[in-house]
Amino acid sequence: MTDNTQLTQLATSFLELFKCNPNVHGETKLTGKFRDRDGKCDSKSFLVKNSITVGLWEQHIKGEKRIGCTPLQEDSSVYWGALDIDVYQKEDTLEKLTEAVTANKLPFVVCRSKSGGAHVYLFLAEPVAAKDMIDTLKSFSAFFGQGVSEIYPKQPKIGTRKDDSKYGNWLNMPYSGNPTLQYAFDEEGKALNPAEFIEYANNKKLTKEHFDKLTVPSSSTEPFPEGPPCLNYIFSERSQASENRNITLANVAVYLKKAQPAEWKQLIHTYNRMFSEPLNDREVEAIIASYAKKDYKYQCAQEPLCRFCDAKLCGQRKHGIGGEDFMPNNRSLVQLKSDPPLWYLTLDDTEIQLSTAEFDNFNLFNQKVMERLLYKFPVIKQDDWIKQQNLLLKNCTQIDIPFEMTPVGQLVELVSSFCHSSVDNAEHINHGPVKRSDGNYFFRMSHLKDFLEQQRFRDLPSNKILSVLKKVLKAEPDRIQANQVNTRCWRIHKSKLDADNIANFPELIENNNY
C-alpha cells in the first residue's frame, strides 16, 4: 500500500468521524504572533462555503491547511459534540481531564488543542438533536470544573438569518501537520497518532440509546442537599479547593439561609473547616454579619462558582438559583460585525436581537426580554451585569457579514452602477451622464450625490462617501473639457470598481477607517 493510499484512507476516516454541515467549513491561518490579553496564538479564521472533502482532510493532515468543522447538520442534529477548554496556562489540565474520564469510565476523547488547552469530544454512531448534545455537554463541563468553556455546537438549531451564523460555529480539527501539537490521549494518558486516534474514537462512539442514558457521575451524598451543583462540586472530594474562599463561603451562606435558616450562622463555621486552608474566624464573622442584614443571591458569574455552573440543574433544585434569576447560556452570544454591530442572545431557546446600547444596559436589555418573552428579570446591579457580560463575551461568536451587505459594499455597488451608465461624449457631463474614456470614468460629485439620493442610500455621510471614493476606489480629482468649458470632476479607473479589489482593504473596512 502506497503512502498516498494510506493518506487517503486516513482522510476518509476523519471525514466519516467528524460528520459536519455539508455546506460549509472553516479554515484558520496562524499569524505567528501571540495575543497580549490571554497568550493565545493569534490567527485569522474564515468561513468557506464549500463542503469538506477527502482532499481537504489530506491537506489538513499534511499540514498544508488547517480546517474546522461545524457539527450542526441541516436538520439540527449532530454526530459529535465538543468542549473547547481554554485553560492552557494550567499544565495539568489535560492530565486531570484524562484522569476524570478514565476514573469514571466516560466515553469522552481528550485532545490537546493548538494553544495547549483541551478539546473534549463526544462521538456518536447515530445522530441526536443538537439541543440534547448541548444540555449534556453543559452538565459535563460543570463536572469537569470547566463551566465557562465553549461548547460545540453552540446553537441548538440551524438559524434562519441570512448571514453566516445560520450554519453554526465551527471548531478547528486535530492532527494538522506532522509533527502536530493537536493530538488525543488514551485512558492511560498516552498520546495517539492519527490512525490510533481514529480507532480509539470509533470505539468510544455511543448509540442514541446509550447517549440518552449518559449522566454526570454523582456522589452518594451531597454536602448541600437540593443546593447548587457548583457548591456540591467545590466541596466534594474531586474538586476540594481553597481558592476564592471568601466568595465560596459567602454563597454557602446564601444556601444555608434558604435550607437551614435557624442554624445557618453556626453551620457556616462547619463548612469553613472543610477547606484545606480555612478562613480565620474574623473573616467568617464578617461574612455572617454582612449576610445577616439582608438576603443575597448566588454569585453565579464569580470564580470559582462559574467553573462548576450547571444552571439547568440548579434551577430545578429547591435551594438553587430559582427560575426567576437571570442565568443565560454563557455560550449563546453572537455578534454580527455589521456597522453598527448587532448582538444575538439566546434565552429559553428564543433568540433576542440587541443593539450595543441594549446589550450594555441591563434595563434596556430587560425591555427587549419583555417584548420577546413576556416577562422581565429582577433588577441586576451594573457591576453584576458587567460580570455576566464578560462571561458572555468570553465565548462570543463573531460573524463577518458579506462585503456587499456593508455600507461600503453597498456604496461601491451603487458607484459601479452609476459609472456603467457612462457615455463616450464628454459634452454631456454637465447634464448628468458619466464620461467614459481610456478605461476611466469621469463624473461630477453633485451628479453622484443626486444618484445616491435617488437610490435612497443614506448609510454613510458625505465625508465618508468621499473618503471611500478616495481610499477604496482610488478616485482622483480631475478636469475635463465640455462645451468649451474646463469642468471640474472626479476620475475612477474601471479596475477599481471590481469587487475583488476591495479584498485589498480588509483592515480599512473592518475598522471603519475610511
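1. Helices (H or I, at least four residues) and strands (E, at least two) are DSSP runs, numbered from the N terminus. The model is a predicted one, in which local features need pLDDT of at least 70 and side-chain atom pairs count only at pLDDT 80 or more, while totals for chains, interfaces and linings use all residues. Residues are numbered from 1 along each chain as its sequence is written, and side-chain values use heavy atoms, with hydrogens and water left out.

2. Helix α16 itself spans residues 445–454, and its buried residues are Met445, His447, Leu448, Phe451 and Leu452. Seen down the axis of α16, these residues fall within an arc of 160°, so they line one face of the helix. Buried means under 20% relative accessible area, exposed over 50%, and partly exposed in between (1.4 Å probe, protein chains only). The arc is that of the directions from the helix axis to the C-beta atoms.

3. The cover over the buried residues of α16 includes α15 (407–419), β14 (440–443), α17 (462–471) and β16 (485–493). Contact here means heavy atoms within 4.5 Å.

4. Two packed helices are described by the angle between their axes and the distance between the axes. For α15 and α16 the angle is about 115° and the axes are 11 Å apart. Axes are lines fitted to C-alpha atoms, for helices over the stretch in contact, and angles run from 0 to 180 degrees between N-to-C directions. On the α15 side, Leu411, Leu414, Val415, Ser417 and Phe418 meet His447, Leu448, Phe451 and Leu452 of α16. By class, the residues of this contact are seven nonpolar, two polar and no charged. Ala, Val, Leu, Ile, Met, Phe, Trp, Tyr, Cys and Pro count as nonpolar, Asp, Glu, Lys and Arg as charged, and the others, Gly among them, as polar.

5. Helix α1 (residues 3–17) packs with helix α5 (residues 194–204) at an angle of about 35°, the axes being 10 Å apart. Residues Leu10, Ser13, Phe14 and Leu17 of α1 make the contact with Pro194, Ala195, Phe197, Ile198, Ala201 and Asn202 of α5. Eight of the contact residues are nonpolar, two are polar and none is charged.

6. Thr8 is also found in helix α1. At 32% relative accessibility, Thr8 counts as partly exposed. Leaving aside residues up to four places away in sequence, Thr8 touches Val54 and Glu58. The C-alpha atoms of Thr8 and Gly55 are separated by 7.8 Å, although the two are 47 residues apart along the chain.

7. The largest nonpolar core has 58 residues, and those with the most contacts inside it are Phe108, Phe144 and Leu249. A nonpolar core is a set of buried Ala, Val, Leu, Ile, Met, Phe, Trp, Tyr and Cys residues joined through side-chain atoms within 4.5 Å. Among the elements that give two or more residues to this core are β4 (77–85), β6 (118–129) and α9 (264–272). Apart from it lies another core, of 29 residues, including Phe18, Cys20, Tyr79 and Ala201.

8. Asn272 is found in helix α9 and, at 3% relative accessibility, counts as buried. Not counting residues up to four places away in sequence, Asn272 touches Leu249, Pro278, Leu279 and Val284.

9. Overall, the protein has 18 helices and 16 strands. Buried residues make up 49% of its 514 residues.
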